[in-house]
Structure formats: structure tokens, C-alpha cells
Amino acid sequence: MKAVALSEAITLCPAIAAIEMTITAPANGAVNQAPDVTLDWNPLTGITNYDVQWDTTSSFNSGTMYYGTLAPGSISQVNAFNLRFGTVYYWHVRSHHAAD
């Protein structure tokens, strides 16, 4: 997917996620997102934590990558913040179980 015009558009594309987990928002390839957007997924039961990443590369290896770990419970979303207009972002979430 190529970057959109340098107007007021931010594109978010979910990358690889756990097979059982469903990414619910924003939709794949969503454009014209705000610089602060909520990334949302369906929670799983029995999980010890979630790892969430977003980046400007689908390989998640740029200097602008964000990485965070969230405790389970009712948390099934995180706010991505300070995103740049005219930039494609990729994100994914991984679940961890105590047996991992």
C-alpha cells in the first residue's frame, strides 16, 4: 500500500495479528484518520498481556516504532498518538498466555 497525499490523511493498516484475535478498528486501509486514533481489537480470555506495536514500516523496524505492553482485563484498545499526516501506519497486537 502506498502513502496517501500529504494532505490531512493518515492511513492505518493492521499487520499480522494473532489468529484468534480480530482487529476491529480502524478498518484495514482506513484513510483520513486523526493524528490520535484508537486501535481496537476483540479481547481474548485467559490472556496475561497484550503487546501492541505501530510503525511506518510493515516490518516494524523503523526509528518511529511504538511498542507497549497492556495488562488484560477490559483493555482491548490503545490510543495511537501524534501520528503524522500523509503517512501509512501499520499496527498489530499479540496476546500472551502464562504458558508462553
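Which residues have the most contacts inside the largest nonpolar core?

## The nonpolar core

In this predicted model, where local features need pLDDT of at least 70, side-chain atom pairs count only at pLDDT 80 or more, and totals for chains, interfaces and linings use all residues, the residues with the most contacts inside the largest nonpolar core are L39, W41, V52, W54, V78 and V93. Residues are numbered from 1 along each chain as its sequence is written, and side-chain values use heavy atoms, with hydrogens and water left out.

This core has 15 residues, a nonpolar core being a set of buried Ala, Val, Leu, Ile, Met, Phe, Trp, Tyr and Cys residues joined through side-chain atoms within 4.5 Å. The elements that contribute two or more residues to the core are β3 (37-41), β4 (49-55), β6 and β7; helices (H or I, at least four residues) and strands (E, at least two) are DSSP runs, numbered from the N terminus. Buried stands for under 20% relative accessible area, exposed for over 50%, and partly exposed for what lies in between (1.4 Å probe, protein chains only). If its neighbours within four places in sequence are left aside, V52 is in contact (heavy atoms within 4.5 Å) with W41, Y66, Y67, G68, L70, V78, H92 and V93.

Strand β4 is mostly covered, since seven of its seven residues are buried. Both of its faces are covered, with N49, D51, Q53 and D55 buried on one side and Y50, V52 and W54 buried on the other.

Two strands pair if DSSP finds at least two bridges between them. β4 and β7 run antiparallel and are joined by seven bridges, with W54 standing opposite W91 in β7. β4 also pairs with β5 in the antiparallel sense, over five bridges, and here W54 stands opposite Y66 in β5.

## Aromatic pairs

A pair of aromatic rings is described by the distance of the centres and the angle of the planes. Rings of Phe, Tyr and Trp (its six-membered ring) pair if their centres lie within 6.5 Å, and planes under 30 degrees apart count as stacked, over 60 as edge-to-face and the rest as tilted. By this rule the count comes to five aromatic pairs. In one of them, the ring centres of W41 and Y50 are 5.4 Å apart and the planes stand at 65°, so this pair is edge-to-face. W41 is buried, with a relative accessible area of 1%, and Y50 is buried, also with a relative accessible area of 1%.

The rings of Y66 and F81 have their centres 6.0 Å apart and their planes at 75°, so this pair is edge-to-face. Because Y66 lies in strand β5 (residues 66-70) and F81 in the loop between β6 (77-80) and β7 (87-96), the pair ties together parts that are 15 residues apart in sequence. Y66 is partly exposed at 26% relative accessibility, and F81 is partly exposed with a relative accessible area of 42%. Ring pairs also link W41, Y50 and W91 into a cluster.

## Backbone features in the loops

Most residues other than glycine have a negative phi, and most peptide bonds are trans. The peptide bond from A25 to P26 is cis, with omega near -5°, and P26 lies in the loop between β2 (23-25) and β3.

N32, although it is not a glycine, has a positive phi of about 60°; N32 is placed in the loop between β2 and β3 and is exposed, with a relative accessible area of 55%. F60, likewise not a glycine, has a positive phi of about 55°; F60 is found in the loop between β4 and β5 and is buried, with a relative accessible area of 11%.

## Confidence of the model

The mean pLDDT of the protein (the predictor's confidence in each residue, from 0 to 100) is 76, and 75% of its residues reach 70 or more. Among the elements of the protein, β3 has the highest mean pLDDT (90) and strand β1 (residues 10-14) the lowest (53). Over residues 1-9 the pLDDT is below 50, and this stretch has 24 contacts in the model beyond near neighbours in sequence.
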